[in-house]
Amino acid sequence: MKIQAGITRRSRTWEQLLRREGLPWRTVHLATGEGLADCSVLIVTHQLDASECDIVEDYLRSGGALLASARHVVGVGGTGVRREPLHYLASDGDGVFTTVRIVDLGTQGDIPREANHLRTHQHHHAVFAGSLLGGPAVLLPFDVQRVLADTRSVYKAFYVHRDRLPTERVSMVSRGEVFQLCHHALEYLHHRRSLPYVHLWYYPGTSPNVLAFRIDTDGAPRYDIDELYDVLNNAGVPGTWFLDVASHEPWLPHFATMMGQEFALHCYEHRIEPDPDRQEAQWARALAMMRLAGLAPLGMAVPFGTWTTGLGGVIDRLGLVYSSEFSYAYDTVPLVPEDLEHAYRTLQVPIHPVSIGSLRRTGATSQQMIEYYRSTIDAHMARNIPLLFYHHPSHRHWDVVDALLEHALLQDVPGVLMGDFAFWWLARARLNVQFDIRESVLQVVNAAAAANARVGIRVSLSATQTLLLPSSETVLLDSRESTVRKIPYVPDDLRRIREPDPRRMLGDLYTRMLRRLK
Ligand SMILES: [Zn+2]
């Protein structure tokens, strides 16, 4: 049996999601049934007509597994939907979607009538996971393609144990959580068919994760930059520095003397130009100055993490390898931005959007900041979210930076440059690997290419047992020692972060004003 998804129609969004997940896919033709038998799971990507519904029903009766937006498969097995606003989905410690916390959607939902997992902001069950006509099915209350094309950004609060929550302007849709949701759906559907779930691993080799530290220099004086460079060197973690070029213009060549670091573009002047052409000219000028100073920028991070469709176009024209803006995505593996019309070119390498500066605005002490990063790192490890954090040198707090790096390194993860991780990810995305399972033998087609690219394989045997392996052509699953997966902790009072708080709203308004003036 091939471990492979079948999609009912070409879909840029689903194809990218599956490529990121590392699960092979093909298109299937529902009208003829061609390709269906070749797939371990069927993903419906369009609204089915009556005869297509019949074919999907037969497929489920034969034990096939189905993942779909509930609306697209209305009528299959007598299912129905109820339309209602869907601000977010929340987990109360779900047994199937174990790593999902809050999936912000901000859309109209189509809640499956039989929903029995996760809950809407109104506390109604939102997702169906169970048996439909004898086959396993997961029905989602939204269309993955539509929500992932939503490019709005908003101020959001992030969870801390303390009363005052840090906030940042980030993407409206939590793309990372949608990814986690789909990952668990695919895993669950394979397990329910008594199949192992196999996909390419998200990090180089068999490393459990990666650690990267991004620095937005934001007008920092040279002594703060040198001190942070020492902190990083002492920890043995290379820094990826995004330069506020105009501020450092007189001593730009100094950066070229810092060893083992990566230098990328933050801005020329620290503001967003309303006119895209002027913005492009500014950034192109800053890149030219960096190159003249002996630096070789591969990436950029727009001030304030801003990403809009207009800026996405400007970034693409700069010809860089990657950019990093949490207004498009945060806390997830890399992805290429897309909207309803098209996909962009430049890879996004998302980070965790809460910086020491954001915590400082809430009045947190150093010890509270350290606790925040420790618990965030633990949660990211359990949820397989990259450990990518950022800092501004003039905010100092070297004790917090040091504790953050130390805690991440305790997890046995390599410190990487963001550019190196981007290159590794792009090579992973080019692989064309196939998985075939017979009894307990896994055959991997093109395993050598994956091994060359340092891409490993994750085999999920059950809800708790997982194998993480280097790529090889034949794997005897019985002969491997599996590791027991930790069930991530979900805080009881998680929904607190989506409750309106006038004090926080005032704070966000103030931040917005400051950023305009800057
Ligand atoms: Zn900045």
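**Domains, zinc site and salt bridges in a predicted model**

The centres of domain 1 and domain 2, taken over C-alpha atoms, lie 32 Å apart. The contact between them takes 33 residues from domain 1 and 35 residues from domain 2, where contact means heavy atoms within 4.5 Å. The structure is a predicted model, in which local features need pLDDT of at least 70 and side-chain atom pairs count only at pLDDT 80 or more, while totals for chains, interfaces and linings use all residues. Residues are numbered from 1 along each chain as its sequence is written, and side-chain values use heavy atoms, with hydrogens and water left out.

The domain assignment gives domain 1 (5-200), domain 2 (211-424) and domain 3 (431-484). Such bounds come from an automatic or database domain assignment. About 2,700 Å² is buried between domain 1 and domain 2. Carbon and sulfur atoms give 50% of this area. Buried area is the accessible area (1.4 Å probe) that two parts lose on being put together, summed over both. R12, R20 and R162 supply 20% of the area that domain 1 buries against domain 2, more than any other three residues.

Salt bridges also occur between these domains: the count between domain 1 and domain 2 is 3. A salt bridge is a side-chain nitrogen of Lys or Arg within 4 Å of a carboxyl oxygen of Asp or Glu. The structure as a whole holds 29 of them. In one, the side chains of R383 and E177 meet at 2.6 Å, N to O. This pair links distant parts of the chain. R383 sits in helix α10 (residues 366-383) and E177 in helix α4 (residues 175-192), 206 residues apart. Helices (H or I, at least four residues) and strands (E, at least two) are DSSP runs, numbered from the N terminus. Both R383 and E177 are buried. Buried means under 20% relative accessible area, exposed over 50%, and partly exposed in between (1.4 Å probe, protein chains only).

R396 forms a salt bridge with E227, the closest N and O atoms being 3.2 Å apart. R396 lies in the loop between β19 (387-391) and α11 (398-409) and E227 in helix α5, so the pair ties together parts that are 169 residues apart in sequence. R396 is partly exposed, at 30% relative accessibility. E227 is also partly exposed, with a relative accessible area of 30%.

R10 pairs with E15 in a further salt bridge, with the closest N and O atoms 2.6 Å apart. R10 is exposed, with a relative accessible area of 65%, whereas E15 is buried, at 7%. Elsewhere, K2, R26, E34 and D38 are linked in a network of salt bridges. E34 lies in the loop between β2 (25-27) and β3 (41-43). At 45% relative accessibility, E34 counts as partly exposed. Leaving aside neighbours within four places in sequence, E34 is in contact with R26, V28 and H29.

The zinc ion is coordinated by D218 (OD), D218 (OD), H266 (NE2) and H270 (NE2), at 2.1 to 2.4 Å. Donors are N, O and S atoms within 2.8 Å of the metal (3.2 Å for Na, K and Ca); water is not among the atoms, so sites may look incomplete. The 4 donor atoms subtend angles of 56 to 141°, which makes the arrangement irregular. Four donors count as tetrahedral if all angles lie between 85 and 135 degrees; four count as square planar and six as octahedral if opposite donors are over 155 degrees apart and all others between 65 and 115; anything else is irregular. In sequence, the donor residues are spaced D-x47-H-x3-H. D218 is in the loop between β13 (211-216) and α5 (222-235), and H266 is in strand β15 (residues 262-267), 48 residues apart. Both D218 and H266 are buried.

Helix α8 (residues 309-318) has 7 of its 10 residues buried, so it is largely enclosed by the rest of the structure. Among these buried residues are L311, V314, I315 and L318. The buried residues of α8 pack against α7 (276-292), β16 (299-300) and β17 (322-323). G319 follows α8 and has a positive phi, near 70°.

Positive phi values also occur at residues other than glycine. H123 has a positive phi of about 70° although it is not a glycine. H123 is placed in the loop between β7 (117-120) and β8 (125-132) and is partly exposed, at 48%. D331 has a positive phi of about 50°. D331 lies in the loop between β17 and β18 (347-348) and counts as buried, at 13% relative accessibility.
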